[in-house]
Amino acid sequence: MTAAQAMAAATARLRAAGVPDPARDARLLLAHAAQVDATRVTLIAPEDIAPEIAERYEALISLRAVRVPVSHLIGERAFYGRRFKVSSDVLDPRPETETLIEAALAEPFASVLDIGTGSGCILVTLLAERTMAVGTGTDLSEAACLQASANAVLHDVDPRAEVILSDWFGAVQGTYDLIVSNPPYLAAEEMDDVAPELRDHEPRMALTDEADGLTAYRVLAAMGPAHLAAGGRLICEIGWTQAADVVEIFYAAGWQDVVCLPDMDGRDRVICARTPPRTA
């Protein structure tokens, strides 16, 4: 069997399993099995596929057919021009979160706190883009902390990055210029409707608060000011239907300049707010 024939058969199998964009996944997984760059797959398409590659490819396609994410099968995911190591212990970096990165980079900052850092993609990206800044990432999952630390090393920001095990702000000390977060924002009742890749293969506590999906924003709004310098910013990702509720939460807590930014698809995605004035 040639590589082209193997990809065609894999595409048909993935399509039958309901996998979105099966041809793309078949190509990426063949590249991974053959240990070649995905852009070179067309070059090997006419060639016979080696038995050991065919065996690896079969295993990968079988897992993808039961909706294991491609990123988990190849062990990495692209985000803001960099490759991040991922696993089932962390939420996959996603393109819509790049809206948060753009908002954060729109103004200068010397220090950043990432609440619920997961893979560390937000913290690491911001430190890589701002080479003089320092930052801290927190997560309730020890496995996630290890993953974030590994990604900090991978992208050479580890001397400026601290990753700590913490329930929200519990172990956080000091103040920062910027707080960022991509918290769990799905309501418990929404979990049955999400894609199997998320529901079955990503950490549930990174997806839902097991309540109305707004718990994180109440915590961020209430506790954020104690860890922000005067005039500091808080930027967080939201579900696309949550803008009005989250804006209200932040204004009710005394925050200023609360605005919502859309993602590349035009959906409400990121809330930006400034710390309320200090009280005596």
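Reply: Start with Phe250, which counts as buried because its relative accessibility is 0%. Buried means under 20% relative accessible area, exposed means over 50%, and partly exposed lies in between (1.4 Å probe, protein chains only). This is a predicted model, in which local features need pLDDT of at least 70, side-chain atom pairs count only at pLDDT 80 or more, and totals for chains, interfaces and linings use all residues. Residues are numbered from 1 along each chain as its sequence is written, and side-chain values use heavy atoms, with hydrogens and water left out.

Trp255 is buried too, at 2% relative accessibility. Now to the rings as pairs. How many aromatic pairs does a search of the whole structure find? The answer is two. Rings of Phe, Tyr and Trp (its six-membered ring) pair if their centres lie within 6.5 Å; planes under 30 degrees apart are stacked, over 60 edge-to-face, and the rest tilted. Phe79 has a relative accessibility of 1%, so Phe79 is buried. Phe84 is buried as well, with a relative accessible area of 0%. Phe250 and Trp255 form an aromatic pair that is also edge-to-face. Their centres are 5.5 Å apart, and the angle between their planes is 75°.

Another ring meets a charge. The charged end of Arg267 sits over the ring of Trp240, at 4.4 Å from the ring's centre. The test asks for NZ of Lys or CZ of Arg within 6 Å of the ring centre and within 35 degrees of the ring normal.

One more Trp deserves a look, this time for its backbone. Trp168 has a positive phi of about 55°, although Trp168 is not a glycine. Trp168 lies in the loop between β5 (161-165) and β6. Its relative accessibility is 25%, so Trp168 counts as partly exposed. Asp21 also has a positive phi, near 50°, in a residue other than glycine. Asp21 is found in the loop between α1 and α2 (22-34). With a relative accessible area of 43%, Asp21 is partly exposed.

UniProt, in an unreviewed entry, lists Asn182, Pro183, Pro184 and Tyr185 under "binding site". UniProt positions use the numbering given here, feature names are shortened, and annotations may be inferred rather than shown by experiment. Asn182 lies in the loop between β6 (176-181) and α9 (196-201). Is Asn182 buried or exposed? Asn182 counts as buried because its relative accessibility is 16%. Beyond residues up to four places away in sequence, Asn182 touches Leu91, Thr97, Ile115, Ile122 and Glu237. Contact means heavy atoms within 4.5 Å. Pro183 sits in the loop between β6 and α9. Pro183 is buried, at 3% relative accessibility. With residues up to four places away left out, Pro183 touches Ala206, Ala216, Tyr217 and Glu237.

UniProt's unreviewed entry also places "domain: Methyltransferase small" at residues 97-192. Over residues 97-192, the chain is 31% helix and 23% strand. The end C-alpha atoms of this stretch are 23 Å apart.

Ala148 belongs to helix α8 (residues 142-154). Ala148 is buried, at 1% relative accessibility. Apart from neighbours within four places in sequence, Ala148 is in contact with Thr117, Gly118, Ser119, Gly120, Val124 and Val163. Asp158 is ten residues from Ala148 along the chain, and their C-alpha atoms are separated by 9.8 Å. Thr2 lies in the segment before α1 (3-16). At 17% relative accessibility, Thr2 counts as buried. Thr2 touches Ala45, Pro46, Glu47, Asp48 and Ile49, not counting residues up to four places away in sequence.

Finally, step back to the whole chain. The protein chain has eleven helices and nine strands. Helices (H or I, at least four residues) and strands (E, at least two) are DSSP runs, numbered from the N terminus. Of its 280 residues, 52% count as buried. Take the contacts between residues at least 6 apart in sequence: 65% of them join residues at least 24 apart. Along the principal axes, the C-alpha atoms fill a box of roughly 75 × 40 × 30 Å.
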